[in-house]
Amino acid sequence: MFFSGQTSRIANLDETDGLLDNTAGQRGGRKPIVFYCHGVNGSGTQANKSSHSPTTIMGLNADGEALPPHFQLKTAAKKDDREKINADFIMNCHNVYGTFGHGERKLHHCTYGLNERAGMNTVELEKHTNANILPLHPDVEDVPLKRIILKVDSGPGRLNVPMLAALRLKGVHVVARVPNTTSTTQETDQSLGPFKTPCRGNLATLAAARFEMRKTLRIEDLPIIVFGGKDPIADVQLENAMEKGFNQTSCLKAWLKCGAVPPTMSPLESNKVRHECIINEDGSLNVELDPKSLRIKRLEGSNHVNCNFLSLHGMDGNQLRINAPRQAAKKFKLTEPHSKERVEATQKAKGAGQLFHVTQDQHSNSEDFFAARAKTIRDVEVDGLEKKEKEHLKHKECFDAAKKVLAAKGEPTTETIATHTAADLKVLYK
Amino acid sequence: MLKCLAAPETNEDSETGWTVDDDMGLASLKNDAIGFKDAALAVALKQQANAIKKNIAHLENDQAAILLEALQKRSISSIAEDNQRSLLQIIGRK
């Protein structure tokens with residue numbers, strides 16, 4: 001299905017919260033049995049509470065390799081030269097093994113970013129792709145077998161035109177994920193579950209050990225929660241959450257589950273996805289666009305039969321009547337790539353969701369996308385010029401009328417003014 | 001209007017500032033297809049070319065050779081295009 005070595009060139013990215021607050025997050029799994037006595041106080045478990053919410057960008061490729069994490073931290077610095085990061089944070093980070101585009105398995109280091117909100121925005125995403133993604137594939141080029149596919153969700157900066165253009169020229173094709181289907185089509189999200197469970201466990205263990213020593217957790221402890229190891233302060237052993245969530249087996253399983261590699265389109269059969277009856281123009285069902293259309297239609301039929309039965313027996317069966325959700329097949333009508341229709345539809349698309357429907361899952365930085373954006377700029381120019389032209393034509397009309405009057409009756413003077421009508425003078429003195 | 005009529009005739013509309021260039025520009029904007037040069041790709045390419053130009057001294061020899069080869073290919077094809085264009089012009093005159 002894929003050419004040799006190409007699966008390592010398909011990657012998916014996702015961001016998750018910084019994992020330092022243990023009061024809100026769900027660890028998952030069965031709760032441990034806790035014995036307690038009504039007469040004894042202090043049976044509650046201490047949890048770490050933090051307002052510091054750094055963002056962690058995780059990712060994996062279709063070859064089962066985890067991308068080195070990117071930590072986005074908070075800073076109060078207003079100037080770049082005032083930004084600083086604790087050396088302990090870097091020291092606690094582990095390098096990640098991977099081949100990617102290097103031809104041999106080697107270590108890749110984590111990356112860090114600082115901004116005032118500790119979140120990803122247009123600037124930080126651009127920095128991240130340049131500093132973290134591109135170095136993984138030094139051989140990237142916009143030629144067959146050398147390109148990279150970067151699957152991203154919708155969010156700030158994903159449609160940043162200069163970034164997409166620069167990436168496209170380098171051979172990085174950004175593909176938008178199907179909107180509102182994170183749980184079924186986001187590969188990284190599949191691995192985030194097994195990753196977060198040990199992370200929350202590490203956080204609880206570390207917090208308990210530190211609180212016993214009357215010490216707190218700091219932002220520098222984030223890498224030790226992610227990568228595990230022995231905490232030098234509390235002397236507790238933590239497990240490697242990164243290894244648990246993003247090992248090769250787990251990563252490959254994630255791609256398989258999402259039906260992307262190998263391409264099985266399995267999410268279309270998933271019960272987690274909202275299914276609708278797709279109706280063709282002739283009124284028939286389109287099972288190609290939604291394989292469950294027929295099943296939904298049968299359920300609707302069954303519901304109607306039972307409701308009618310209730311109504312026949314003197315009950316208000318309509319209270320339970322429900323119609324299957326419907327969509328017209330023409331809404332999903334395909335447009336030809338590079339066609340005028342595709343460019344215009346891309347131009348009209350407002351958000352990532354609409355863009356996904358228009359581009360038919362083609363990469364966001366396709367020629368059509370750039371043509372659509374250029375057309376928007378051109379349309380503004382055309383509008384301005386047309387307005388100016390309209391003014392010019394109006395002016396020309398008056399000018400021609402005045403010329404005609406002058407040619408027929410000459411310039412109005414005290415002697416000739418009587419020959420000029422009110423309309424003539426209106427034209428001349430407009 | 002009388003003032004306008006007294007003014008010497010030029011290509012520019014003195015009142016609205018509309019010129020023949022504007023007219024041609026509007027026609028080309030309306031009719032021409034959007035090409036590579038109109039898109040953000042052209043800007044990105046220019047930036048990348050400038051970056052290479054600035055750092056050309058740091059380029060490794062094999063990469064420089066590939067770049068040179070590509071540039072030579074480009075100049076050969078542009079010479080061929082120029083020749084073809086002038087040939088067509090000559091044929092057109094005849």
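## A crossing of two helices in chain A

Helix α10(A) passes helix α12(A) in a right-handed crossing (a crossing is right-handed if the near helix is turned clockwise from the far one by less than a right angle, and left-handed if anticlockwise). Helices here are DSSP runs of H or I with at least four residues and strands are runs of E with at least two, both numbered from the N terminus. This is a predicted model, in which local features need pLDDT of at least 70 and side-chain atom pairs count only at pLDDT 80 or more, while totals for chains, interfaces and linings use all residues. Residues are numbered from 1 along each chain as its sequence is written, and chains are lettered from A and ligands numbered from 1 in the order in which they are written.

Two packed helices are described by the angle between their axes and the distance between the axes. For α10 (residues 340-348) and α12 (residues 367-409) of chain A, the axes come within 8 Å and cross at roughly 70 degrees. Axes are lines fitted to C-alpha atoms, for helices over the stretch in contact, and angles run from 0 to 180 degrees between N-to-C directions. The two helices are therefore roughly perpendicular to each other (angles under 35 degrees count as roughly parallel, over 145 as roughly antiparallel, 65 to 115 as roughly perpendicular and the rest as oblique). On the α10(A) side you will find A:Arg342, A:Val343, A:Thr346 and A:Gln347, which meet A:Asp368, A:Phe369, A:Ala371, A:Ala372, A:Lys375 and A:Thr376 of α12(A). Residues are in contact if their C-beta atoms, placed from the backbone, lie within 7 Å. This contact has four nonpolar, three polar and three charged residues (Ala, Val, Leu, Ile, Met, Phe, Trp, Tyr, Cys and Pro count as nonpolar, Asp, Glu, Lys and Arg as charged, and the others, Gly among them, as polar).

## The overall layout of chain A

Let us step back to the whole chain. Chain A has 13 helices and 12 strands, and is divided into domain 1 (7-257), domain 2 (270-345) and domain 3 (346-430), with bounds from an automatic or database domain assignment. The centres of domain 1 and domain 2 of chain A, taken over C-alpha atoms, are separated by 39 Å.

The C-alpha trace of chain A spans about 115 × 80 × 60 Å along its principal axes. Its radius of gyration is 32 Å, whereas a compact globule of 430 residues would have one near 22 Å (the radius is taken over C-alpha atoms, and the globule rule is 2.2 Å times the number of residues to the power 0.38).

## Where helices α5 and α8 meet

Helix α5 (residues 187-212) and helix α8 (residues 248-257) of chain A have axes 8 Å apart and pack at an angle of about 135 degrees. They are therefore oblique to each other, and the crossing is right-handed. From α5(A) the contact uses A:Glu187, A:Gln190, A:Ser191 and A:Pro194, and from α8(A) A:Ser250, A:Cys251, A:Ala254, A:Trp255 and A:Lys257. Four of these residues are nonpolar, three polar and two charged.

## How chain B touches chain A

Chain B gives 22 residues to the contact and chain A gives 29. On the chain B side, the elements that give two or more residues are α1 (2-6), α2 (20-31) and α3 (40-54). The most come from α3(B), with six residues. By class, the chain B side has 14 nonpolar, three polar and five charged residues.

Helix α3 (residues 161-170) of chain A packs with α3(B) at an angle of about 65 degrees, the axes being 8 Å apart. The pair are therefore roughly perpendicular, with a right-handed crossing. Here A:Val161, A:Pro162, A:Ala165, A:Ala166, A:Arg168 and A:Leu169 make the contact with B:Ala40, B:Leu41, B:Val43, B:Ala44, B:Leu45 and B:Gln48.

## Two backbone spots to look at

Most residues other than glycine have a negative phi, and most peptide bonds are trans. A:Ala118 has a positive phi of about 55 degrees although it is not a glycine, and lies in the loop between β6 (111-115) and α2 (122-133) of chain A. Elsewhere, A:Val261 and A:Pro262 are joined by a cis peptide bond with omega of about -5 degrees; A:Pro262 sits in the loop between α8 and β11 (277-279) of chain A.

Methods:
Contact = placed C-beta atoms within 7 Å.
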